[in-house]
Amino acid sequence: MTMTKEKTRPEGLAAIDREMARQHTDALASFEAAADMAAKATASLKRTGKLLLLGMGGSHAVNRAVEPLYRAAGVDAIALPLSEQLGQPLSLDGRTIFMTSQSGESAEVLRWFNETGGTADTFGLTLEGGSFLAKTAPSLVGAGGTELAFAATRSLTVTFALHLAIFAALGQDPARALAVLRAAETLDIKPALAVLANVATVVTSGRRLQGVAEALALGLTELSRRPCFSLEGGQLRHGPMEMLGPSIGVVLFRGNDATAGLVTAMAVSALETGAPVIVFDGSEEEPVPGCVTLRFKPETGLAAIFQMLPVAQSLMIAFADELVENAGTPVRSTKITRSE
């Protein structure tokens with residue numbers, strides 16, 4: 001019997017562990033501290049009725065996750081990558097703009113303000129109170145300062161908490177989302193990790209929770225250096241099912257909302273291809289036989305996101321740690337992208 005040498009935790013992953021360990025306390029502090037600025041952002045939203053969410057990378061994934069929640073709240077919301085807005089801009093007239101950048105220093109953020117001068121209805125969401133963004137636009141600033149680890153974890157949770165402050169100012173009850181942050185569940189990810197043991201890559205997908213799926217795919221790609229990507233459930237159905245098979249892991253997000261049945265149908269179809277399927281399940285539906293189901297309390301909106309996100313983060317980190325020697329240390333990128 002050969003003794004396997006215990007793998008030392010890569011420094012990059014240890015840095016992510018440190019961020020994740022404080023993300024819930026920082027998120028709660030961010031929610032409390034953001035109340036005044038959230039009221040100003042909400043006044044703008046009520047006046048315009050339209051919202052353009054701009055960001056890059058993890059910030060764009062957050063924007064995609066909250067986009068349907070603003071629409072459900074009666075705001076005509078659209079999330080665009082900031083790079084697209086720079087190249088083929090939507091009109092800014094009569095829109096509230098939320099510019100999200102955890103560092104507040106991304107190359108595209110600087111260029112957008114340079115080129116447009118910003119607008120009276122532009123608000124920043126950032127983790128860095130001394131950043132270009134926070135100095136240039138009235139900003140909701142997350143607690144705990146800049147995220148130091150490479151893949152976004154704490155910055156996502158904290159930014160969602162800033163949005164929770166805005167939804168509270170819009171009149172929604174934040175109690176359920178706050179309860180999740182105060183008592184986060186830890187689920188056993190070992191069965192999920194086991195079914196991904198032999199896959200070449202992972203595809204993530206959701207319907208109303210598609211933004212969370214996109215956040216996970218980005219983190220998986222950054223950490224495992226595999227081309228993991230995300231397709232909204234309907235888009236996955238229209239042709240890309242061709243790629244599925246035993247070597248492609250599928251991770252689905254099912255919330256307690258009207259789209260849950262469509263996620264169920266996708267789980268059944270994906271299983272038929274021989275792909276290993278993992279379902280992050282916050283619905284009241286029955287588990288799909290043959291899938292690895294991670295069961296959460298039935299929730300929707302930000303409460304569902306806060307439940308699933310840390311568990312998804314743990315899975316992405318463990319997956320990368322199995323595949324890559326120095327997971328969490330970027331070899332081709334930097335934390336703050338200062339070039340376009």
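**Notebook: His 24, a helix pair and an annotated span**

I began with His 24 and found it in helix α2, which covers residues 23-33; helices here are DSSP runs of H or I with at least four residues, strands are runs of E with at least two, and both are numbered from the N terminus. I am working on a predicted model, in which local features need pLDDT of at least 70 and side-chain atom pairs count only at pLDDT 80 or more, while totals for chains, interfaces and linings use all residues. Residues are numbered from 1 along each chain as its sequence is written, and side-chain values use heavy atoms, with hydrogens and water left out.

I looked up the accessibility of His 24 and noted that it counts as buried because its relative accessibility is 16%, buried being under 20% with a 1.4 Å probe and protein chains only. Setting aside neighbours within four places in sequence, I listed Leu 181, Ala 184 and Pro 310 as its contacts, meaning heavy atoms within 4.5 Å.

Next I turned to helix α3 (residues 35-48) and helix α8 (residues 154-169), which pack at an angle of about 60° with their axes 8 Å apart; the axes are lines fitted to C-alpha atoms over the stretch in contact, and angles run from 0 to 180 degrees between N-to-C directions. I recorded that Ala 38, Ala 39, Thr 42, Leu 45 and Lys 46 of α3 make the contact with Ala 165, Ile 166 and Ala 169 of α8.

Finally, I checked UniProt, where an unreviewed entry places the feature "domain: SIS" at residues 41-175, and I noted that the end C-alpha atoms of residues 41-175 lie 21 Å apart, with the span 45% helix and 19% strand.

Terms used. Buried < 20%, exposed > 50% of the residue type's maximum accessible area, 1.4 Å probe, protein only. UniProt positions renumbered as here; feature names shortened; annotations may be inferred.
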